[in-house]
Amino acid sequence: MSQSNTSRNNHIRIKELALVGVVTAVTCVLAPLALPIGPVPISLTSLVVYFSVYVLGTRLSTTSIVVYLLIGLCGVPVFSNYTGGPQKLFGPTGGYLIGFIPLAIISGLMIERKRKSIILSIIGMLVGTVVLYALGTAWLAYQAGLTFGKALAAGVIPFIPGDLAKIALALIIGPQIRAALIKAGMLRD
C-alpha cells in the first residue's frame, strides 16, 4: 500500500473515530435525561442508538455504545437519572443497558444489508429492540425478584409506543444525516 493510501485510510479512520466520539458524547448527554416511571426509567438512550445505527452502521455505533457503557461503568454519571458505576450497570436495569449492544449489532446488520430497504431497516430495529427487551426483562426479573410477567409490565410494556416513535424518527431523519456526513466526507458510502 502506498504512503498516500495509508494516509488516506488513517484519515478516514480518524474521521470515524471522531464520529464515534461525538455519538458517545451525545449519548452521555441525553441518556441521563430520564423520566422515572418505575424501576425502569424512560430515557433517550435508545433514540441515540437507533440514530447511530442508521447513520454510522454496525461497527461504529456498537463501538460508541461500548465506550458509553465503559464510561458509565467507571462511575461517570451518564446512565439514567445521572447515575453510573458497576452497581448501576449490574443492577436491576443493567440488562437494558447491556442490551443496547445487541440492539446495535442486530439493527446495524439488517440496515447495512440493504440500506435502501425501509422494511429491512424496520425489521432490524424491531428485532434488535425485542432482544434488548428480552435481556433487560430477564435481568430485571432476576435482580429484582420479580416474575417475568411483572418485569415485562415494568420494563417493556410502557416503552413500546415511545420506542416505535423513536424508530420512526431514526428512519425518517437518519438517512438525511447519513447523506450529509457522506457528502461532507465524514463517512464512506
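Biologist: Is Tyr82 buried or exposed?
Modeller: The model is a predicted one, and Tyr82 lies in its loop between H3 and H4. The relative accessible area of Tyr82 is 51%. Exposed means over 50%, so Tyr82 counts as exposed.

Biologist: Where is Asn81 found, and what is its relative accessible area?
Modeller: Asn81 also has a positive phi, about 55 degrees, although it is not a glycine. Asn81 is found in the loop between helix H3 (58–73) and helix H4 (86–89). Asn81 is partly exposed, and its relative accessible area is 35%.

Biologist: How many salt bridges does a search of the whole structure find?
Modeller: One of them joins Arg59 to Glu16, with the closest N and O atoms 3.1 Å apart. In another, the side chains of Arg188 and Glu16 meet, N to O, at 3.1 Å. Asp163 and Lys166 form a salt bridge as well, at 3.6 Å between the closest N and O atoms. The search of the whole structure finds three.

Biologist: How many residues apart are Arg59 and Glu16?
Modeller: Arg59 forms a salt bridge with Glu16. This pair links distant parts of the chain, with Arg59 in helix H3 and Glu16 in helix H1 (residues 3–30); the separation is 43 residues.

Biologist: Where does Arg188 lie?
Modeller: Arg188 meets Glu16 in a salt bridge. This pair links distant parts of the chain, 172 residues apart. Glu16 is in helix H1, whereas Arg188 is in the segment after helix H8 (160–183).

Biologist: Which helix holds both Asp163 and Lys166?
Modeller: Asp163 is buried at 6% relative accessibility, and Lys166 is buried at 13%. The two residues are three residues apart, about one turn of the helix, and that helix is H8.

Biologist: Which residues do salt bridges with shared partners join into one network?
Modeller: Glu16 forms a salt bridge with Arg59. Glu16 also forms one with Arg188. The network therefore consists of Glu16, Arg59 and Arg188.

Biologist: Which residues are the closest to the centre of the largest pocket?
Modeller: The largest pocket has a volume of about 330 Å³. Its lining comprises 22 residues, and the closest to the centre are Val40, Pro41, Ser43, Phe100 and Phe159.

Biologist: How many charged residues are in the lining of the largest pocket?
Modeller: Strand E2 (42–43), helix H2 (45–56), helix H5 (94–113), helix H6 (118–144) and H8 each give two or more residues to this lining. By class, the lining has 12 nonpolar and seven polar residues, and the charged residues number three.

Biologist: Which element gives the most to the lining of the second largest pocket?
Modeller: The second largest pocket holds about 220 Å³ of space. Of its 13 lining residues, the closest to the centre are Val23, Phe51, Ser52, Val55 and Ile177. The lining divides into 12 nonpolar, one polar and no charged residues. With six residues, the element that gives the most is H2.

Terms used. Residues are numbered from 1 along each chain as its sequence is written. This is a predicted model: local features need pLDDT of at least 70, side-chain atom pairs count only at pLDDT 80 or more; totals for chains, interfaces and linings use all residues. Side-chain values use heavy atoms; hydrogens and water are left out. Helices (H or I, at least four residues) and strands (E, at least two) are DSSP runs, numbered from the N terminus. Buried means under 20% relative accessible area, exposed over 50%, partly exposed in between (1.4 Å probe, protein chains only). A salt bridge is a side-chain nitrogen of Lys or Arg within 4 Å of a carboxyl oxygen of Asp or Glu. On a 1 Å grid over the protein atoms alone, a cavity is a set of points where a 1.4 Å probe fits but cannot get out, and a pocket is an open set with protein on both sides within 12 Å along at least five of seven lines; lining residues have an atom within 4 Å of a point. Grid points are joined across faces, edges and corners, and a volume is the space filled by probe spheres set on the points. Ala, Val, Leu, Ile, Met, Phe, Trp, Tyr, Cys and Pro count as nonpolar, Asp, Glu, Lys and Arg as charged, and the others, Gly among them, as polar.
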